[in-house]
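Me: I would like a close look at one part of this model, with the side-chain interactions spelled out. Please keep the answer plain.

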Amino acid sequence: MEVIGNKEMINILRKTLNLMDNRLMNHGERVGYIFYKMLSCENKYSEDELRIYTLVGLLHDIGAFREDDIKDMLQLEANKNFEHSIYGYLFLKYLSPLSEFAEIVLYHHTDYYNIKQNLTPLKELGNYLKLADRVDVILTYYNEKDIIRLLNEKSEIKYSKKAIQSFIKANSTYNVIEHTKDRSYSGELNKLLEGIKMTAVEKDKYLNMLAYSIDFRSEYTVMHTITTVSLADEIGRFMDLSKEDQINLHYGALLHDIGKISTPLNILESPGRLTGEEMAIMRRHVKDTYEILNGYIKEEIVEIAARHHEKLDGSGYFRKLKGDQLTLPQRILGVADIVSALYGVRSYKKAYDKETIIRIIKTEAEGGKVCRATVNCLVSNYDEIIKNVERNSRNSLEMYNELKINFNGYYNTFENWE
C-alpha cells in the first residue's frame with residue numbers, strides 16, 4: 001500500500017520546512033540550484049546522483065531551522081556557523097535517508113585549508129557547497145565581476161581552485177547568477193527534485209524525518225510523538241485493526257503534531273498553564289497539520305492525524321466532530337495522544353503513574369469524550385502495552401540521544417578550527 005508518492009514526498013518536505021522559516025528554505029533552494037549547476041559541469045555524475053546532491057544542497061541549512069533569532073543570512077554566517085553545520089549533519093545522518101551524504105553538510109562552512117590534507121570526495125563536495133552557499137549570500141551585495149574576484153581572492157584558503165573553476169564554468173554555461181537573482185531557475189529545480197526515485201523504506205524514513213523535524217521547535221514534542229506512535233500501534237494491534245488500518249494509524253500518529261512547526265516556541269515550551277489566547281494559538285496546530293498534509297499524503301492518514309483532538313461529544317477541535325463521524329483509528333489516536341501526554345515528562349511535571357493515567361482516561365471515556373472500547377482495551381492490557389511501548393521506543397530515543405551526545409564531540413573539533 002503506497003502511503004505517499006515520490007513527487008508528493010519531496011513537495012511536502014519542502015512545504016514543511018518553508019513553514020518553519022521561508023528565508024532558510026528559499027536560500028536552500030537557490031544554493032541547491034547553484035550546487036547542481038556546478039556539479040553538472042563536472043560531467044561525472046548521473047542524473048540520479050545530481051538529484052540527490054541537489055536535495056542535499058537544498059537541505060544544507062536544516063540544522064539552522066532550530067535557531068529562533070536569525071535576523072538575516074549574514075548573521076547566520078557570522079555566528080559560529082559550524083554549529084548548524086554539525087547539527088544538520090547529525091540530523092541527516094541519524095534521522096533521514098540521506099545518511100551517506102550527510103558529511104557534505106558537515107563541511108559546508110569549513111575552510112578548504114582545514115580539510116585539503118585529508119580530502120575525501122564528500123569533503124570536496126562540502127567545499128563546493130560552501131562556495132555555492134557563499135555566492136547566494138553575497139549576491140545581494142555584489143555584481144558578477146565582484147563575486148568572481150572575491151572567490152579568487154580566497155582560492156585554496158576558503159575554497160579550492162577546482163570549486164571556483166567549476167562555479168565560473170557553470171555561470172558561463174548556465175547563467176547561474178542571472179537565474180538565481182531572478183528565480184527563473186525554479187521550474188528546472190522543481191522538475192529535477194520531483195524526479196527523485198524513492199523506495200518505500202526511503203519514503204518511510206523521510207516521513208519520520210518530518211516528524212523529527214519538530215525538534216527544531218520542541219524536543220518534548222518529538223518525545224511525545226515517539227511515544228504516541230508506539231501507543232497507537234499497540235492499541236491498534238490489541239483491537240485487531242486490519243493491516244491497512246494499522247498502517248494508516250501508524251502514519252497518522254507519526255504526523256499528528258506536524259502542525260506544531262507553526263506554533264511559537266514560547267507556547268510549545270510554556271512551563272505553566274496556557275492563557276486563553278495562547279491555548280487558541282496552540283489549538284491551531286491540528287488545522288495546520290491538515291493543511292500541511294492534505295493533497296500530499298493518503299486521505300485516511302490526513303484525517304487520522306488531523307482529528308486527534310476531536311471528542312465523541314463534539315467538544316473537541318478543530319471541526320467539532322462527534323460520534324459516528326470518527327473512525328476507530330481516529331478514536332485510537334485520540335486516546336493514545338492523551339495517554340502519551342500523561343505518560344511523558346515535561347519541564348513542569350513528572351510522568352503520571354499507572355493509577356492516575358487510568359483514572360484520567362477512564363473519566364474521559366465515562367464522560368463521553370473518548371472511545372470507551374478503546375479505553376477498555378488499553379486498561380485491560382495496560383502493563384503489556386506500556387512494556388511494549390517502552391521497548392519499541394527505546395531505539396528511537398537512544399538514537400535521538402546519541403545525536404545530541406555526538407554534537408559536543410564535533411563542536412570541540414570545529415571550534416579549534418575557528
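Leaving aside its neighbours within four places in sequence, which residues is Phe-167 in contact with?

Reply: The model is predicted. Beyond its neighbours within four places in sequence, Phe-167 is in contact with Ile-34, Met-38, Leu-131, Val-135, Ile-147, Ile-148, Leu-151, Val-176 and Ile-177. Phe-167 belongs to the largest nonpolar core, which has 124 residues; together with Leu-55, Leu-59 and Leu-207, Phe-167 touches the most other members. In soluble globular proteins, nonpolar side chains tend to be buried together.

Lys-37 takes part in two kinds of contact. Glu-188 forms a salt bridge with Lys-37, and the closest N and O atoms are 2.6 Å apart. Because Glu-188 is in helix H12 (residues 186-194) and Lys-37 is in helix H2 (residues 22-40), this pair ties together parts that are 151 residues apart in sequence. Lys-37 counts as buried at 5% relative accessibility, whereas Glu-188 is partly exposed at 34%. Lys-37 also lies over the face of Tyr-174, 4.1 Å from the ring centre.

The salt bridges of the structure number 21. One of them joins Glu-234 and Arg-237, with the closest N and O atoms 2.7 Å apart. These two residues are three apart in helix H14 (residues 219-238), so about one helical turn separates them. Glu-234 is buried, at 6% relative accessibility, and Arg-237 is partly exposed, at 41%. Another salt bridge links Lys-354 with Asp-383, at 3.0 Å between the closest N and O atoms. Lys-354 lies in helix H20 (residues 354-366) and Asp-383 in helix H22, so that pair ties together parts 29 residues apart in sequence. Arg-14, Glu-29 and Arg-183 are linked in a network of salt bridges.

Turning to the rings, a search of the whole structure finds five aromatic pairs. Among them, Tyr-89 and Tyr-410 are edge-to-face, with 5.2 Å centre to centre and 75° between the planes. Tyr-89 sits in helix H5 (residues 82-95) and Tyr-410 in helix H22 (residues 382-417), so the pair ties together parts 321 residues apart in sequence. Tyr-89 counts as buried at 7% relative accessibility, while Tyr-410 counts as partly exposed at 26%. The pair of Tyr-290 and Phe-318 is tilted, at 6.2 Å centre to centre and 50° between the planes. Both of its residues are partly exposed, Tyr-290 at 21% and Phe-318 at 28%. Arg-319 lies over the face of Tyr-290, 4.8 Å from the ring centre. Ring pairs also link Tyr-45, Tyr-53 and Phe-101 into a cluster.

Technical notes:
Residues are numbered from 1 along each chain as its sequence is written. This is a predicted model: local features need pLDDT of at least 70, side-chain atom pairs count only at pLDDT 80 or more; totals for chains, interfaces and linings use all residues. Side-chain values use heavy atoms; hydrogens and water are left out. Rings of Phe, Tyr and Trp (its six-membered ring) pair if their centres lie within 6.5 Å; planes under 30 degrees apart count as stacked, over 60 as edge-to-face and the rest as tilted. Helices (H or I, at least four residues) and strands (E, at least two) are DSSP runs, numbered from the N terminus. Buried means under 20% relative accessible area, exposed over 50%, partly exposed in between (1.4 Å probe, protein chains only). A charge sits over a ring if NZ of Lys or CZ of Arg is within 6 Å of the ring centre and within 35 degrees of the ring normal. A nonpolar core is a set of buried Ala, Val, Leu, Ile, Met, Phe, Trp, Tyr and Cys residues joined through side-chain atoms within 4.5 Å. Contact means heavy atoms within 4.5 Å. A salt bridge is a side-chain nitrogen of Lys or Arg within 4 Å of a carboxyl oxygen of Asp or Glu.
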